[in-house]
Amino acid sequence: QEYTGIKLKVLEWSKEAQSTFESLKELEGKNVFFVAATLRPETMYGQTNCFVGVDINYGLFKINENDIFLCTRRAARNMAFQGYSKERGIVDQIIEVKGSVLIGTKVSAPLSKYEQVYVLPMENVLATKGTGVVTSVPSDSPDDYATLQDLKKKAAYYKVDPSWVAFEPIPIIDTPTYGNLAAQTVCQQKKINSQKDRLLLAEAKELVYKEGFYNGTILVGDHKGKPVQEAKPLIKELLISTRQGFVYNEPESLVMSRSG
Ligand code: ZZB
């Protein structure tokens, strides 16, 4: 599976992360990036936040003299075999933390209309898929839409500040069947109430994926007006050439065991 790795730069750590990382000399003067794996680079204009799993372990990995990546160790290892480490196959971990520590961190998401967005909790993040970091596009991903709604409705329960979730989905792809907020439309049609509605969300994802890919038109950015199929590789290339993204491959066997 070929993903695009998206680099969301840390602007301000959550309070808990700040105190955890305070004494780390290795972070001084470095850029730290949450690295999300996406199959939909053309939707990056619609990012409203970033998701992590609160019980998942994440590492901070030294990638080169300037950059530190935050992702699962598994992903860092894959990256180290794909040229994203100083020495091939070798990961250089600075520290490991639980996702819960990272909630409320402010990051900058490439291409998003929102200049800064927050790291938030999602129950359905798989530690065994991608980087364990998921960038959120509630306009076009039903899982993201349902989760963001949960967090808005029950901010206290999920331990998020209401200001961290005060971001509306952005219309970025127009579709003939579901309009320009396809994930919202399908979630409402299927009466999806929460991220816990796994079966309905899987159906919704399938519908939204297909409609967006085959019939969608991009509404924003350099490739505005183009069909999604045409714009997708161009926007991916734009992210890569500006070093806001990179190609990240997931070993085939893992992909099979996950989707089976
Ligand atoms: C942004 C995005 C925008 C995504 C969208 C989807 C959609 P698939 O097809 O099942 O492989 N993802 C990535 N890593 C994880 C993880 N560890 N746990 C849970 N979800 C993860 O799904 C690939 C998508 O799953 C990725 O693409 C990512 O979300 C999420 F508008 O990135 B996507 C209709 C879907 N729309």
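**View 1. The surroundings of the ligand.** Around the ligand stand 19 residues, and the closest of them are T38, K129, G130, D140 and S141; a residue is near a molecule if its C-beta atom, placed from the backbone, lies within 6 Å of it. This is a predicted model, in which local features need pLDDT of at least 70 and side-chain atom pairs count only at pLDDT 80 or more, while totals for chains, interfaces and linings use all residues. Residues are numbered from 1 along each chain as its sequence is written. At least two residues of the shell come from each of β2 (31-38), β9 (134-136) and α6 (198-215). Helices (H or I, at least four residues) and strands (E, at least two) are DSSP runs, numbered from the N terminus. With three residues, α6 gives the largest share of the shell. Sorted by class, the shell has eight nonpolar, seven polar and four charged residues; Ala, Val, Leu, Ile, Met, Phe, Trp, Tyr, Cys and Pro count as nonpolar, Asp, Glu, Lys and Arg as charged, and the others, Gly among them, as polar.

**View 2. Helix α5 against helix α6.** Here α5 (residues 182-189) packs with α6 at an angle of about 145°, their axes 10 Å apart. Axes are lines fitted to C-alpha atoms, for helices over the stretch in contact, and angles run from 0 to 180 degrees between N-to-C directions. A182, A183, V186 and C187 of α5 meet A204, L207, V208, E211 and G212 of α6; two residues are in contact if their C-beta atoms, placed from the backbone, lie within 7 Å. Seven nonpolar, one polar and one charged residues make up this contact of α5 with α6.

**View 3. Helix α4 and its cover.** Nine of the 12 residues of α4 are buried, among them Y145, L148 and L151. A residue is buried if 20 or more other C-beta atoms lie within 10 Å of its own, exposed if 12 or fewer, and partly exposed in between, with C-beta atoms placed from the backbone. The cover over these buried residues includes β3 (49-52), β8 (117-121), β9, α5 and α6.

**View 4. Helix α2 and its cover.** Look in α2 (residues 73-80) for the buried residues R74, A75, A76, N78 and M79. Their cover includes β4 (57-62), β5 (67-71) and β12 (245-249).

**View 5. E252 in helix α8.** E252 belongs to α8 (residues 252-259). This residue, E252, counts as exposed because it has 9 C-beta neighbours inside 10 Å. Between E252 and Y157 there are 38 Å in space, C-alpha to C-alpha, and the two are 95 residues apart in sequence.
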